[in-house]
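This report covers selected side-chain links in the structure shown below. Please read it alongside the coordinates.

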Amino acid sequence: MKPWLFNRCVALLWTLLLLFCELSFGDRSHQICSNPSVFADAEVNLVVLPYVSVGGSKSSLDDIGQRLALIVKLDTFAHVLEYGSLGATQMEVPQGADPDTCLPQVVIPKLLGQTPGADVTAEKGKGLIIVWGVLYEEDDDVVIQSYARFLRRDTSESLSFSIDKFNFMGQPSSQVVAFAPRAFKKSLLSEIENSYQRADFVHKEPKDDSEGEPLPRPVAKCISCRGELTPGFQVQEYKGEWIHVRWIDPISRREREGWIHAAGSLVGKSLDNALPELHFIQGCVGYLKQRIASMRGDTLPHALANAATHEFQEFINLNASTEAKETNAVALELAAIIQALQGNDVKGAQQLFDGAVSLVPSDPNAVTLANIYQISQEWKTRKAITNTESTADRLTKVATVSRDATMALSNLRNFLQVLQTLPIESLPKGLSGSALQRKIQAIDRIELPSS
Amino acid sequence: MPAKPALQKQTSGLRDFIVENLRTMSRGRAFVIPCRGRFPQDATEYTDGEFDSLDNLRVLLEVWGSVDDPVGGRGSLGFVLVPARSVAPPALFVVRRSGRDFLSQAQQGAVLEMFAPIAIGIHDYQNRKFEDAVPNLCEGINKLQDSVNSSRLANDLAALEEQNKLLIAVRRVVSDAIRQARSDSRSRYQLVSPGSDGQFPCPFAGGAR
């Protein structure tokens, strides 16, 4: 049958045209998203943007999307309190406002100080996790899809392993992940609504039936942050599912305190199980804390590192039936990096790196991480490298298909140089003496285009 | 006969899920914008002239949703890979909505992001940026291969055939991109050798374990 109605289309455009398009984002001057903020003092900030409702003639923001964002933030935050030095902020826009003002590609550059507009930006080297998503309602069902980006400001997520004087660099396959679409019954949304009512309320005591008052807006929280009581909260302590917070009343300017019911906010059903991405986000907090600790020459406490690894594994368990292989691979890579930096469980870390490769065998970053970790650990323990030929072959392939060709070529060259230090009889014919030298010379002749 | 509002909403919602996926997973390599007010009347509208016009506007990929059968509740999603017109004509891919509900359709829709790296890669190839083209083309080929191998197209033989044709065409483009890159003695593609058939496959064709 001939199509009789076509919906409006969308186009993927090359770079320059977007510069023109960005001018059309409209008035953002009175919207909270237009003045995003994080806790400068916090080592890691979680920022949750409202879920955008789609399916109409135009995407829109409604109560459900904004409330879902609040629940995601509160639930995640309540599960990661033990890490310390964390901030969490939920962005909002007034009802009926243009949702484009809350697009991640608009908000994130502000938070990183790349474009003006943020009240407080993330500091260099500190972690930032941004969560956003889309929401579709139909009859009794609601379908959502979440996305997340993680980073440390002005800091590469690459990491290095060394063999003697030779450095090998790798990085996660992606710092942006798409989670599988999830469906809820509206009855569950009603429970979210109820939990929103509870989470949006500060009690005098950690009991649901104690007196209290609604949370002041904007809703943001920070733990172990110094001198940052407004516009968010400072978390004093947590007791089970309850968080003890204090804040400055925006009208009286007096300090206030109370309890928020956060974790396990859905009656009879864990939000983490309904939304496996919360496990990923919680693991991601641990990953960033580990990377920040490593920068200081420190490591995350072992129990916390294991907790973060467990969150990633839990995410994969709940996500196994979906087609989100890339996201599962990133989860495995981040868990592997935590374990590799901890240094206690080499075999476990290698299994996690290899698990990522088995999910995305063509991904050059996954292949690199698995291979450079393996050779560095073999060298560390036995001063030897097995599978020299297949490793050289894989690193050569990575060098020809990686988007970071400089890093990939450096890894290959360093590997060949390491092989030159091995006894010649331990190497296969194709990698011995003059053959190795010719390969290194071939790499040295390469000039990458400047693009 | 007008489409049921529910069906129209569902098709729009599915398109918006796919668009958000494209927006996010293109990771700054390209940008996604809604073409407000643009309503393609028919697939036959995509003539050579229309492709030229889209190309001049620097459009790589156009996505639309359509309601094919307002009574039966069928719809489809169309993808126009503008740079692919010369290598895999007509470069128009229509995927019929399948699956018992919106969730299963949205889950299937996520894989359609494969069209983005292919469009970007062919664009680079046509602009003789061979070194940039290969990583995108190979990413697209691997995802397209996954799509063709999966069971999700089992009931949509037309889409399966279209995607198979595209796969063959893009493999030819990759081989030629590597061959052309190798004409420069300083290219990193000097590190690879052709297969027994003289063609250059993607380096990780079939994966690496």
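## Salt bridges

A:Lys397 and A:Asp393 both sit in helix 11 (residues 388-401) of chain A, four residues apart, about one turn of the helix. The model is predicted. These two residues, A:Lys397 and A:Asp393, form a salt bridge with the closest N and O atoms 3.5 Å apart. A:Lys397 is partly exposed, at 25% relative accessible area, and A:Asp393 is partly exposed as well, at 39%.

A second pair in chain A joins two helices. A:Arg413 forms a salt bridge with A:Asp444, and the closest N and O atoms are 2.6 Å apart. A:Arg413 lies in helix 12 (residues 405-420) and A:Asp444 in helix 13 (residues 433-444) of chain A, so the pair ties together parts that are 31 residues apart in sequence. The relative accessibility of A:Arg413 is 25%, which counts as partly exposed; A:Asp444, with 44%, is partly exposed.

In chain B, B:Glu139 and B:Lys143 both lie in helix 5, four residues apart, about one turn of the helix. Their side chains, those of B:Glu139 and B:Lys143, meet in a salt bridge of 3.0 Å, N to O. Both B:Glu139 and B:Lys143 are buried. Through shared partners, salt bridges join A:Glu326, A:Arg403, B:Glu113, B:Glu139 and B:Lys143 into one network. Over all chains, the structure holds 26 salt bridges.

## Disulfides

The count over all chains is two disulfides.

| Pair | S-S distance | Angle about the S-S bond | Handedness |
|---|---|---|---|
| A:Cys33 and A:Cys102 | 1.6 Å | 50° | right-handed |
| B:Cys138 and B:Cys202 | 2.2 Å | -100° | left-handed |

The disulfide of B:Cys138 and B:Cys202 has its sulfur atoms 2.2 Å apart. It links distant parts of the chain, with B:Cys138 in helix 5 (residues 130-149) of chain B and B:Cys202 in the segment after helix 6 (157-181) of chain B, 64 residues apart. Both B:Cys138 and B:Cys202 are buried.

## A buried serine

B:Ser187 lies in the segment after helix 6 of chain B. B:Ser187 is buried, with a relative accessible area of 2%. Its side chain makes a polar contact with the side chain of B:Glu131 at 2.7 Å. Not counting residues up to four places away in sequence, B:Ser187 touches A:Ile446, B:Glu131, B:Ala181 and B:Arg182.

Definitions and conventions
Residues are numbered from 1 along each chain as its sequence is written. Chains are lettered from A and ligands numbered from 1 in the order in which they are written. This is a predicted model: local features need pLDDT of at least 70, side-chain atom pairs count only at pLDDT 80 or more; totals for chains, interfaces and linings use all residues. Side-chain values use heavy atoms; hydrogens and water are left out. A disulfide is a pair of cysteine sulfur atoms within 2.5 Å. Buried means under 20% relative accessible area, exposed over 50%, partly exposed in between (1.4 Å probe, protein chains only). A polar contact is a pair of N or O atoms within 3.5 Å; within protein, one must be able to donate a hydrogen and the other to accept it, and residues adjacent in sequence count only if both atoms are side-chain atoms. Contact means heavy atoms within 4.5 Å. A salt bridge is a side-chain nitrogen of Lys or Arg within 4 Å of a carboxyl oxygen of Asp or Glu.
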